[in-house]
Amino acid sequence: MRARYPQRLKGFSYLGCYRYALRFCTDRRQRLFVEPATVDLVRSQIARSASESAIAVVAYCFMPDHLHLLVEGTSDDSDCRRFIVNAKRYSGFYFAQAFHMRLWQRYGFERVLRSGEPTHVVARYILENPIRGGLVSRIQDYPFVGSLVYTTQELIHSVCASPD
């Protein structure tokens, strides 16, 4: 029988310098990430959690009803589980304070990137979501993509210049 929610990897600690592709969906897949103020509020709380957990947010993309993140542990003490819990907790709390509604679905999707898997391939997938979703024709035209490590221009240039 299939689990009703995504399972974490058994025996994997989520501690250290690993890379992860994450996706969090909004409650009932509501289109909540369509205004800069909402995205800024959530992004600031994700940055707070990343700082506390020694996690670098390499790339992000706020789609109207979900969020994609490419994150990487920056030390042996980096804790992705703590990052995920606190990112959702902090952003959910401040979102509820501002908008009087729930922000996130309970579970999300996470994938640990293999050691040989190129980061730029995952970053490109994340950044091209608005194109695949028919929201824009160029990454540069979508206001809710970026990185907490690189400027948006550096990120786009790096991802688009790298071969698959």
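Biologist: Which residue is the bridge partner of Tyr-60 in β3?
Modeller: That partner is Leu-69. This is a predicted model, where local features need pLDDT of at least 70, side-chain atom pairs count only at pLDDT 80 or more, and totals for chains, interfaces and linings use all residues. Residues are numbered from 1 along each chain as its sequence is written, and side-chain values use heavy atoms, without hydrogens and water.

Biologist: What makes β2 and β3 a strand pair?
Modeller: Two strands pair if DSSP finds at least two bridges between them. β2 and β3 (residues 66-73) have 8 bridges in the antiparallel sense, so they meet that definition. Strands here are DSSP runs of E with at least two residues, helices are runs of H or I with at least four, and both are numbered from the N terminus. Ile-55 stands opposite Gly-73 in β3, and a hairpin of 2 residues joins β2 to β3.

Biologist: Why are β4 and β5 called edge strands?
Modeller: The open sheet of 5 strands has the order β4-β1-β3-β2-β5, with antiparallel pairing. β4 and β5 each pair on one side only.

Biologist: What makes Phe-33 count as buried or exposed?
Modeller: Buried means under 20% relative accessible area, exposed over 50%, and partly exposed in between (1.4 Å probe, protein chains only). Phe-33 has a relative accessible area of 1%, so Phe-33 is buried. Trp-104, at 6%, is therefore buried too. In β2, 9 of its 9 residues are buried, and the strand is mostly covered.

Biologist: Why is the pair of Phe-33 and Phe-62 given its label?
Modeller: Rings of Phe, Tyr and Trp (its six-membered ring) pair if their centres lie within 6.5 Å; planes under 30 degrees apart count as stacked, over 60 as edge-to-face and the rest as tilted. The Phe-33 and Phe-62 centres are 5.0 Å apart and the planes stand at 80°, so this pair is edge-to-face. Phe-33 lies in the loop between β1 and α1, and Phe-62 in strand β2, 29 residues apart.

Biologist: And what sort of aromatic pair do Phe-33 and Trp-104 form?
Modeller: A tilted one: the centres are 5.7 Å apart, with 50° between the planes. Ring pairs link Phe-24, Phe-33, Tyr-60, Phe-62 and Trp-104 into a cluster.

Biologist: How do you know that the charged end of Lys-88 sits over the ring of Phe-24?
Modeller: A charge sits over a ring if NZ of Lys or CZ of Arg is within 6 Å of the ring centre and within 35 degrees of the ring normal. Lys-88 is 5.2 Å from the centre of the Phe-24 ring. Arg-48 lies over the face of Tyr-90, at 3.6 Å from the ring centre.

Biologist: Which residues of helix α5 are buried?
Modeller: In α5 (residues 152-161), these are Leu-155, Ile-156 and Val-159. They share one side of α5 because their arc around the axis is only 95°, taken from the directions from the helix axis to the C-beta atoms. Gln-153, His-157 and Ala-161 are exposed on the other side of α5.
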